[in-house]
Amino acid sequence: MPRKSELERLQEIEQKIVQLRAQKQQLEARVKQKERKERTRRLIQIGATFEKWWDVRTHEEAEWFIKKLEAQGLEPDKMKDAVRKRRGQQSAAQEG
């Protein structure tokens, strides 16, 4: 079998690069789709919990509810920090 010329080898490598780029693009698309599905599921679960506990059924009601909590002294940044801290503790407990 004759050896391939440098030009032929270069063309083969170029084809492989094109194929690998296409595979990379497909994989990135699958990862993004999976992330979107996970986010959608999470948002649905959070919304369902909000609706269950406080009978909030619309976006406007949720906004009103949060503003009422804020007016009563709830500081969103402190609550976010507390949630993140709790999340970190849960992650550490699961790892340990």
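This is a predicted model: local features need pLDDT of at least 70, side-chain atom pairs count only at pLDDT 80 or more; totals for chains, interfaces and linings use all residues.
Residues are numbered from 1 along each chain as its sequence is written, and side-chain values use heavy atoms, with hydrogens and water left out. Local features need pLDDT of at least 70 and side-chain atom pairs count only at pLDDT 80 or more, while totals for chains, interfaces and linings use all residues.

**Pockets**

- The largest pocket holds about 760 Å³ of space; a pocket is an open set of points, on a 1 Å grid over the protein atoms alone, where a 1.4 Å probe fits, with protein on both sides within 12 Å along at least five of seven lines.
- Grid points are joined across faces, edges and corners, and the volume is the space filled by probe spheres set on the points.
- Its lining (residues with an atom within 4 Å of a point) has 20 residues, and Ile 46, Phe 50, Ile 66, Lys 80 and Val 83 lie nearest the centre.
- Helix 1, helix 2 (59–71) and helix 3 (76–95) each give two or more residues to this lining; helices are DSSP runs (H or I, at least four residues) numbered from the N terminus.
- Helix 1 supplies the largest share of that lining, 7 residues.
- By class, the lining of the largest pocket has 12 nonpolar, 3 polar and 5 charged residues (nonpolar: Ala, Val, Leu, Ile, Met, Phe, Trp, Tyr, Cys and Pro; charged: Asp, Glu, Lys and Arg; polar: the others, Gly among them).
- The second largest pocket has about 150 Å³ of space, and Ala 82, Val 83, Arg 86, Arg 87, Gln 90, Ser 91 and Gln 94 line it.

**Salt bridges**

- The count is 4 salt bridges, each a side-chain nitrogen of Lys or Arg within 4 Å of a carboxyl oxygen of Asp or Glu.
- Glu 12 pairs with Lys 4, with 2.4 Å between the closest N and O atoms.
- Glu 28 and Lys 24 form another at 3.9 Å, N to O; both residues lie in helix 1, 4 residues apart, about one turn of the helix.
- Glu 75 and Lys 78 meet at 3.6 Å, N to O.

**Single residues**

- Arg 36 lies in helix 1 (residues 6–54) and counts as exposed because its relative accessibility is 51% (exposed is over 50%, buried under 20%, partly exposed in between, with a 1.4 Å probe and protein chains only).
- Arg 36 and Met 79 are 43 residues apart in sequence and 25 Å apart in space, C-alpha to C-alpha.
- Asp 55, in the loop between helix 1 and helix 2, has a positive phi near 55° although the residue is other than glycine.
- At 48% relative accessible area, Asp 55 is partly exposed.
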